There are 2 protein chains.
Amino acid sequence: MAKNKQKMVSEITAMNMDFAQWYTDIVKKAELIAYTSVKGCMVIRPYGYAIWEHMQHILDTKFKKTGHENVNMPMFIPESLLQKEKDHVEGFAPEVAWVTHGGSEKLEERVCVRPTSETLFCDHYADIIHSYRDLPKLYNQWVSVVRWEKTTRPFLRSREFLWQEGHTIHATAEEAMEETVQMLNIYADFCEKSLAMPVIKGQKTESDKFAGAVATYAIEAMMHDGKALQAGTSHYFGDGFAKAFQIQFAGKDNQLTYPHQTSWGVSTRLIGAIIMTHGDDNGLVLPPAVAPIQAVIVPIAQHKEGVLEKAAELYETLKAQGIRVKLDDSDNTPGWKFAQYEMKGVPVRIEIGPKDIENNQCVAAVRYSGEKQTIALDDAYATLFATVQQLLDTQIPQGMFEKALENRRSKTFACTTMEAIQQALETHGDCFIEAMWCGDEACEDKVKEVTGVGSRCIPFEQHHHSDTCVCCGKPAKQMVLWAKAY
Amino acid sequence: MAKNKQKMVSEITAMNMDFAQWYTDIVKKAELIAYTSVKGCMVIRPYGYAIWEHMQHILDTKFKKTGHENVNMPMFIPESLLQKEKDHVEGFAPEVAWVTHGGSEKLEERVCVRPTSETLFCDHYADIIHSYRDLPKLYNQWVSVVRWEKTTRPFLRSREFLWQEGHTIHATAEEAMEETVQMLNIYADFCEKSLAMPVIKGQKTESDKFAGAVATYAIEAMMHDGKALQAGTSHYFGDGFAKAFQIQFAGKDNQLTYPHQTSWGVSTRLIGAIIMTHGDDNGLVLPPAVAPIQAVIVPIAQHKEGVLEKAAELYETLKAQGIRVKLDDSDNTPGWKFAQYEMKGVPVRIEIGPKDIENNQCVAAVRYSGEKQTIALDDAYATLFATVQQLLDTQIPQGMFEKALENRRSKTFACTTMEAIQQALETHGDCFIEAMWCGDEACEDKVKEVTGVGSRCIPFEQHHHSDTCVCCGKPAKQMVLWAKAY
């Protein structure tokens, strides 16, 4: 038993030995993905895909509650359509996959596989929007997109990835800006409540905004190694795309006006974010809201009389209450099972053996903290159900959130000089730096060049660390969050 | 009011004037799709996509109940992978879209956009299946696929379409065959119960089976014009793909063995099938299980005191009971609204006006039959709720099914000679022909050449119409269903 556990866990590289290898080990050992013959693409396996399905369900419900409707656009964009908005095509053309032939025939015009769908939505809007009565359109689609990356990593950067892309169009700039901020808030709320992942909301600098956007907003999360991961973005387009695509509507005054647009998206990247925010040396640690299995029941000495029967009773009780529970009554050893479900990040493990039955109790172990508690098996298992529900709904997500927040706090430093930034990075390794900035792109570039950390965002929640730019010493406009990023 | 209705309805071509144009009018006027700048592809608009979402939800639940898990495979297939199974590549290569460049760089090996994913699943199975303990794998994915068709029609044949593709792999041929039949039955049950669309289950002839399959099973439905539409397929592969991809597992006896596979799929084609099975000259007629709006409340003389309040009460009552209900209190006329929701195929319309309120009643009109009934508005609207629920759950789906079945019965003819087939087609127009067949492909081809109807399937439910082949007069093996098809 001990040997089995040993063997399994030893197959994972320790987190602080080699974080990148630890990550790769987890995505494979927890059976989230498999590599394929298709370079830069991956198979998302049932356990990984189930996490994505839970994310989809939670987000899709939020989108629909705020009035959004799902649609489906073609996956192809003709070259001439991609080229309609100048900045946009410059940003995306270098990394699109080009379809040049249908069967054996060369296409008259080549088409790319969508890297994102602004141009397709605009083409459609131009077709269906004529009057103020047609506005707003609040659309979303769940699809995959393709960006021909050179270097790929599962979930974090792959040639094809799954995402949702919201695309909305409004009569006024104010409405569009409200939408942009609303969706950023929905993402932040989802990350913090459902994924137990603290995020920092902010605006991207000019150099870092989406190709074609007036303003890009993002949520940034700190991974366990101190690097940043952009977990979601929301873009405000003004009327730039509308002008490029000649989308106009007749207002109440009958004047033709350009509408204002937004787009926003999150992707399977969030699975990578979960791994690197919550994972540990025993494997994955999943937030209960998106865990395919929320509680696993492991019988101890299951050959002993009554053990499997009792375990099955607990299973039926929890299942009937809507908890995603699994009973593992396979003939693997308990030790093997413990290691297996730790690797898979199952939030709660329930152990039940002959001694427990004697004492009319079971033991619940919490994955993220390792804490164990004894639970009395009273009438109708009311205490068991209440305890597990409370763990899944409140204690575990809050505890995981606090733990991640504490990690971020301990690795965030306010710096007022370039030397201080370098010092912080040398002393603490990768971390978040808060430092003031004059707003000049030259300074932004220089900070990155000299210290290695780039601007992640201009946080909405500003702290005034000094009056002057950390780089040039001129008057500072804003505090920027700086970090290395995935 | 009458004028508005007139105007709207007149925009649809009458079904028996020009069935193809009637179909095209409906997909546009009911706002199911929009055309795009992307040749052969379409936008599925919110109302169309919502129908697909309801289909997905019902089917996905059935798949999961029968032990299937969702995964996600890459959308690209490298050319060398596509070529591994000889029949398969021959069947699909002429109609795939080839990606030849990533950004400005030519790819070392070109990749196609998946037309179907057998090769990708096999590639993955070879990677993860080693022992009998790894079997079965019961996988499914919800994705879009691409087939570079020359002539396209919304939902029925487009270059990209949405579908689900199940891919399973089993230790024995028997298990794989059971799965093949199980999934065909699930599809048939879904079509008949949820879509109110009668189908005929059967096996495809050799010449018509899937590229690479040992046997292909299908469900065939009759459209209103007497043509057939293949509504779903389920394929049994034997171990052919396993051999081509070198998928082997060690059995309990430690012998290396080739496993047996299946695949099965339904697509957004089913939306086209709904239109052509149930639609009429007023537009779409939706089965309640997949209708985005199941009941619409139209207030009459809504400016009169109390009407909108009462309408809102009915709305809240039905909504609270889980019915997908809409209250249209816009300032369009009731006549306009009647025509609008008839066009959109909403199963039940509820009218409430001052006279109804006086009499403590409302009126329910059923879309498919045009029948109206008066419903008493008693305490807590219990009768209203019960009546509407009964309409949606039972009466309407059963009535629609019977109506479609009656159409099929009236257009199905048993023929024992080629002349009889020609006579039936001349007299009745497109229809289903039941005729005996010797099993020889030459006769199959000749029937099509001479009469215009092709073999749709060899129905499971056989009728013995004669002893001899309808074409050559030699001993008959089976009854074949013949028809023109979409």
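This is a predicted model: local features need pLDDT of at least 70, side-chain atom pairs count only at pLDDT 80 or more; totals for chains, interfaces and linings use all residues.
Residues are numbered from 1 along each chain as its sequence is written, chains are lettered from A and ligands numbered from 1 in the order in which they are written, and side-chain values use heavy atoms, with hydrogens and water left out.

**View 1. Two copies and their axis.**
The same surface serves both copies, as 100% of the contact residues of chain A recur in chain B; contact means heavy atoms within 4.5 Å.

**View 2. Val99(A) and the nonpolar core.**
Setting aside neighbours within four places in sequence, Val99(A) is in contact with residues of chain A including Phe76(A), Leu107(A) and Val113(A). From chain B, Val99(A) is in contact with Ala97(B), Trp98(B), Val99(B) and Val113(B). The largest nonpolar core has 82 residues, and Val99(A) is among those with the most contacts inside it, together with Phe76(A), Val113(A), Phe76(B), Val99(B) and Val113(B). Such a core is a set of buried Ala, Val, Leu, Ile, Met, Phe, Trp, Tyr and Cys residues joined through side-chain atoms within 4.5 Å. Buried means under 20% relative accessible area, exposed over 50% and partly exposed in between, with a 1.4 Å probe and protein chains only.

**View 3. An aromatic pair across the chains.**
Rings of Phe, Tyr and Trp (its six-membered ring) pair if their centres lie within 6.5 Å; planes under 30 degrees apart count as stacked, over 60 as edge-to-face and the rest as tilted. Over all chains, the count comes to 28 aromatic pairs. One of them is edge-to-face, between Trp148(A) and Phe76(B), with 5.6 Å centre to centre and 70° between the planes. Trp148(A) lies in the loop between strand E7 (137–146) and strand E8 (160–170) of chain A and Phe76(B) in strand E4 (residues 76–78) of chain B, so the pair joins two chains. Helices (H or I, at least four residues) and strands (E, at least two) are DSSP runs, numbered from the N terminus. Trp148(A) is buried at 13% relative accessibility, and Phe76(B) is buried at 0%.

Trp52(A), Phe63(A), Trp142(A), Tyr187(A) and Trp264(A) make up one aromatic cluster. Elsewhere, Arg110(A) lies over the face of Trp98(A), 3.8 Å from the ring centre. In chain B, the charged end of Lys344(B) sits over the ring of Tyr47(B), 4.4 Å from its centre. A charge sits over a ring if NZ of Lys or CZ of Arg is within 6 Å of the ring centre and within 35 degrees of the ring normal.

**View 4. The surroundings of Gln294(B).**
Gln294(B) is found in the loop between helix H9 (269–278) and strand E15 (295–299) of chain B. Gln294(B) is buried, with a relative accessible area of 10%. A polar atom of its side chain lies 3.0 Å from the backbone oxygen of Pro288(B).

Most residues other than glycine have a negative phi, and most peptide bonds are trans. The bond from Leu135(A) to Pro136(A) is cis, with omega near -10°, and Pro136(A) is in the loop between helix H6 (118–128) and E7 of chain A. A cis peptide bond also joins Leu135(B) and Pro136(B), with omega about -10°. Phe155(A), not a glycine, has a positive phi of about 70°; Phe155(A) is in the loop between E7 and E8 of chain A and is buried at 2% relative accessibility. Ala196(B) has a positive phi of about 55° and lies in the loop between helix H7 (173–194) and strand E9 (200–203) of chain B. Ala196(B) is buried, with a relative accessible area of 0%.

Conventions
A polar contact is a pair of N or O atoms within 3.5 Å; within protein, one must be able to donate a hydrogen and the other to accept it, and residues adjacent in sequence count only if both atoms are side-chain atoms.
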